[in-house]
Amino acid sequence: MPLSLYFSFFNDYLKLKISEILNYGYGFYYQEENKKSKYINLSTQIRLYSSLIKNSLFLHYLSPSFILNVKNYSKSEIYSDLIDVSEVQNHLSFELFQILKKNNFKLTHTLKNTYYIDNDEFSELENNILINLYKFVIEENNKYSLKNNYFTYNFFKIGYNNSKFDFSIANIYKRDISNSINLDIGYSLSIYKKIYMKHSFDLNSKYIKYWLMGFKFDNKCFYYNFSFKQSRIPVLKESGISYIKDNIFFFDLELKPVGGIKQAFVFKGNK
């Protein structure tokens with residue numbers, strides 16, 4: 001429950017927002033009898049920000065912001081693992097959001113980071129870039145550890161989309177976890193009907209993680225989606241690494257706006 005005050009300076013070029021934020025909750029979730037889980041968090045948030053627009057060679061929109069969050073009070077009594085309460089911390093956050101646009105070109109960029117005051121440490125620096133040029137798209141999202149001086153996550157995608165055909169290829173990198181290439185292809189048979197295919201290849205272990213083929217129908221009243229997926233799961237044995245194939249059928253049906261059902265049938269396979 002936020003309560004906020006707004007101030008404006010320099011002919012509305014600079015803005016200040018001061019908020020008191022109260023979070024309170026309670027409940028029973030498979031826990032001991034007569035014990036109610038509850039929590040209460042109270043914090044003050046001060047946000048200094050601006051929104052600037054300049055139209056010259058490009059239309060340039062720029063919005064920087066600084067947020068100071070001060071913890072005033074925090075208490076919790078949790079008796080169930082099903083209740084997840086985020087810890088309130090004193091922190092200073094910075095975010096830069098900007099857009100460059102001209103004709104069929106558009107670039108969207110977001111940069112943000114948080115400094116945790118009590119722990120004297122920074123969060124991972126997040127940098128997101130999205131470029132649209134005619135029917136093409138280029139996307140780059142990454143996270144950089146300032147403490148260790150390396151990238152922990154990187155997502156890079158190139159795609160194309162028109163009224164009949166869409167295509168994208170992406171690299172997803174998670175340090176010490178995975179590094180894969182994902183391919184997505186779709187073709188519209190009509191306004192309502194589409195066939196599609198997905199493919200994922202693990203670059204570290206050099207194997208096909210999964211492939212998928214599907215068909216979907218979507219109009220104002222009715223939606224259904226059928227797909228088949230074959231995934232390979234690596235298993236470590238004495239003789240080395242082997243793979244188990246799982247065959248999965250997905251079924252999704254929706255009657256708008258009544259509702260629908262989703263179901264997956266998994267057939268455990270062999271090596």
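This short talk walks through a pocket, some salt bridges, a surface patch and a few backbone features of one predicted model.

First, the ground rules. In this predicted model, local features need pLDDT of at least 70, and side-chain atom pairs count only at pLDDT 80 or more, while totals for chains, interfaces and linings use all residues. Residues are numbered from 1 along each chain as its sequence is written, and side-chain values use heavy atoms, with hydrogens and water left out.

Let's start with the pocket. Rolling a probe the size of a water molecule over the atoms shows where empty space is left. Here a pocket is an open set of points on a 1 Å grid over the protein atoms alone, where a 1.4 Å probe fits, with protein on both sides within 12 Å along at least five of seven lines. The largest pocket holds about 210 Å³ of space. That volume is the space filled by probe spheres set on the points, which are joined across faces, edges and corners. Strands are DSSP runs of at least two residues, numbered from the N terminus. By type, the lining has six nonpolar, four polar and six charged residues. Asp, Glu, Lys and Arg count as charged; Ala, Val, Leu, Ile, Met, Phe, Trp, Tyr, Cys and Pro count as nonpolar; the others, Gly among them, are polar.

Next, salt bridges. Side chains of opposite charge can pair when their charged atoms come close. The cut-off is a side-chain nitrogen of Lys or Arg within 4 Å of a carboxyl oxygen of Asp or Glu. How many salt bridges does a search of the whole structure find? Five. One of them joins aspartate 166 and lysine 194, with the closest N and O atoms 2.9 Å apart. Aspartate 166 sits in strand E12 and lysine 194 in strand E14, so this pair ties together parts 28 residues apart in sequence. Is aspartate 166 buried or exposed? It counts as buried, at 19% relative accessibility. Buried means under 20% relative accessible area, exposed over 50%, and partly exposed in between, with a 1.4 Å probe and protein chains only.

Another bridge links lysine 157 to glutamate 139, at 3.9 Å. Lysine 157 is in strand E11 and glutamate 139 in strand E10, so parts 18 residues apart in sequence are tied together. Lysine 157 is partly exposed, at 22%.

Now the surface. Leu5, Phe7, Phe9, Phe10 and Tyr13 form a nonpolar patch with about 570 Å² of accessible area together. Patch members have over 30% relative accessible area and no salt bridge, and nonpolar side chains are joined within 5 Å. Areas come from the Shrake-Rupley method with a 1.4 Å probe.

Last, the backbone. Most residues other than glycine have a negative phi, and most peptide bonds are trans. Phenylalanine 10 has a positive phi, near 55 degrees. It lies in the loop between strands E1 (2-9) and E2 (14-27), and is exposed at 63%. Asparagine 149 also has a positive phi, about 60 degrees. Its loop runs between E10 (136-145) and E11. Finally, a cis peptide bond joins lysine 256 and proline 257, with omega about -5 degrees. Proline 257 lies in the loop between E17 (240-255) and E18 (259-268).

Terms used:
Patches are made of residues with over 30% relative accessible area and no salt bridge: like charges are joined within 9 Å, nonpolar side chains (Val, Leu, Ile, Met, Phe, Trp, Tyr) within 5 Å. Helices (H or I, at least four residues) and strands (E, at least two) are DSSP runs, numbered from the N terminus. On a 1 Å grid over the protein atoms alone, a cavity is a set of points where a 1.4 Å probe fits but cannot get out, and a pocket is an open set with protein on both sides within 12 Å along at least five of seven lines; lining residues have an atom within 4 Å of a point.
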